[in-house]
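Hi,

Here is the structure I said I would pass on.

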Amino acid sequence: MFSSRNVPLVTYVRRTLVARLAIMATVIAVAMAVFAYVAEERMLKEEIVTEARADIGELVARTREIVAQTDVTPAAAFDRALGEFGATRRLTTRGKIVYAKFSGRDKAEEREYLDTTFAEHQAVWEHVHADGASASYTELPWVETKRIAKLLAVHAVLLLGDPARDEAGTAEIVFIPAPAVVASMKRKSVFTAGIVVLITLATTGLLYPVVLRLTNRLVAFSRNMQAANFETLSLLGCIVAKRDSDTDEHNYRVTMYALRMGEALDLRTPQMRALTMGAFLHDVGKIAIRDDILLKPGRLTPDEFEIMKTHVRHGLDVIARSTWLREARDVVGGHHEKFDGAGYPDGLEGKEIPLTARIFAVADVFDALTSRRPYKAPLSCGEALDILEQGRGTHFDPEVVDLFAGMAKTLHEHYAHKTGSDLKAELIDMSWRYFQHDAQTLI
Ligand SMILES: [Fe+2]
């Protein structure tokens with residue numbers, strides 16, 4: 001019955017799903033890429049430290065060897081090792097030592113070397129002589145990676161010789177990896193991050209049809225439930241109308257009038273849904289009223305009227321059995337209340353009466369007045385409005401009467417002569433959006 005009207009919902013689901021998956025995939029891809037890049041950077045630093053350790057290790061080992069073989073002081077051995085090592089010229093594919101310093105027990109033995117051929121040698125010099133540059137180490141060897149003049153560098157302090165002997169000293173070294181090594185590692189980091197992004201997007205792309213299929217099935221299930229609920233609503237309204245010798249058209253028109261007023265008042269979706277349900281079910285309690293009273297052609301006696309008034313309580317009792325239909329309680333319970341407090345069943349007054357019930361009361365009376373019944377001819381729109389005006393502030397909310405007065409003529413011309421099936425089709429078109437609202441919240 002409602003399937004053709006659900007195409008927009010399916011489109012909505014698909015668009016929403018695509019948008020959310022795209023956002024999710026982007027967020028995950030960016031997060032994973034950043035994580036991969038940071039991890040690669042970390043590995044890059046570790047690899048550079050390893051490279052530096054290899055070079056520095058060779059220098060330290062050679063210094064120790066010279067000390068052991070020639071019995072020279074560690075300072076002299078360090079000098080010789082540096083000379084042999086060719087530090088001033090050494091530019092391997094891995095990198096080079098641009099600064100070295102020997103520190104022994106005797107301050108006079110201190111040796112310091114700076115590779116002045118290195119373009120940023122001044123920055124290196126300032127770095128190693130800055131306060132606290134290498135003061136934070138507590139045990140040797142001490143190694144850290146630093147950026148000196150934007151270049152990645154390894155700054156290390158290592159022990160020379162045997163610490164148990166007097167000649168033990170330390171070598172402080174700054175190692176700069178070759179630009180080609182850093183560039184290669186950077187490329188690897190970017191490549192890894194790119195691969196992670198591609199894998200994430202590809203995984204999302206593969207998951208999309210699966211998620212869409214599941215969501216569509218869920219939406220279809222929910223849609224069928226909503227349709228069944230809506231049909232139940234229509235059915236209950238129809239049953240009451242049949243029993244009360246009323247017509248389906250009255251239910252449809254009243255609901256349309258009420259919804260148009262609701263739209264004009266900018267009511268929220270739950271209120272619009274409650275208004276629709278209330279309009280259909282307002283007299284559902286008449287099912288419990290005896291035929292001799294319900295169908296009595298003449299005026300009811302006071303006692304009979306008291307019984308008739310119980311249809312409101314019966315109606316509330318009926319809808320209380322359904323969680324879904326319970327939304328109609330404001331209209332069902334309040335549609336015979338009057339603005340001046342003279343109504344029933346609770347004698348509510350003014351704004352104590354729910355807004356949906358105040359709207360419905362105007363719509364219901366207007367349609368009753370302008371409808372043809374076996375016992376009366378229809379009043380014109382103007383005559384009906386005059387009667388509403390007479391009840392303004394007593395029976396009806398004055399603001400709602402004023403609102404309706406401005407739109408009644410157009411609505412009456414549009415709806416008064418429509419057939420039941422046309423009214424029903426338009427009502428479904430109009431109100432369905434309020435009932436599919438829950439389905440939209442599925443995703
Ligand atoms: Fe009623």
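I started with the charged side chains, and the count comes to 16 salt bridges. Keep in mind that this is a predicted model. Three of the pairs are worth a look.

One of them joins Glu65 and Arg62, at 2.4 Å from N to O. Both sit in helix α1 (residues 7-70), three residues apart, so about one helical turn separates them.

Another pair is Asp283 with Lys286, at 3.0 Å from N to O. Here Asp283 is buried, at 11% relative accessible area, and Lys286 is buried as well, at 12%.

Then there is Lys418 with Glu426, at 2.9 Å from N to O. Lys418 comes out as partly exposed, at 26% relative accessibility, whereas Glu426 counts as buried, at 18%. This pair belongs to a network: salt bridges with shared partners link Arg260, Glu263, Lys418 and Glu426.

Now for the nonpolar side. The largest nonpolar core has 52 residues, and Leu281, Phe366 and Phe404 have the most contacts inside it. Several helices each supply at least two of its residues, among them α4 (179-243), α5 (248-264), α11 (355-370), α12 (381-390) and α13 (398-415). There is also a second, separate core of 28 residues, which includes Leu59, Ala75, Leu82 and Tyr113.

Leaving aside residues up to four places away in sequence, Phe366 touches Tyr257, Cys381, Ala384, Leu385, Leu388, Phe404, Ala408 and His412.

Which residues of α12 are buried? They are Cys381, Ala384, Leu385 and Leu388. These residues cover an arc of only 100° around the axis, so they lie on the same side of α12. And what do the buried residues of α12 pack against? Their neighbours there are α11 and α13.

That's what I have so far.

Cheers

Definitions and conventions:
Residues numbered from 1 in each chain as written. Predicted model: local features only at pLDDT ≥ 70, side-chain atom pairs only at ≥ 80, totals over all residues. Heavy atoms only, no water. Core = buried A, V, L, I, M, F, W, Y, C linked by side-chain atoms within 4.5 Å. Buried < 20%, exposed > 50% of the residue type's maximum accessible area, 1.4 Å probe, protein only. Helix = DSSP H or I, 4+ residues; strand = E, 2+ residues; numbered from the N terminus. Contact = heavy atoms within 4.5 Å. Arc of directions from axis to C-beta. Salt bridge = Lys/Arg side-chain N within 4 Å of Asp/Glu carboxyl O.
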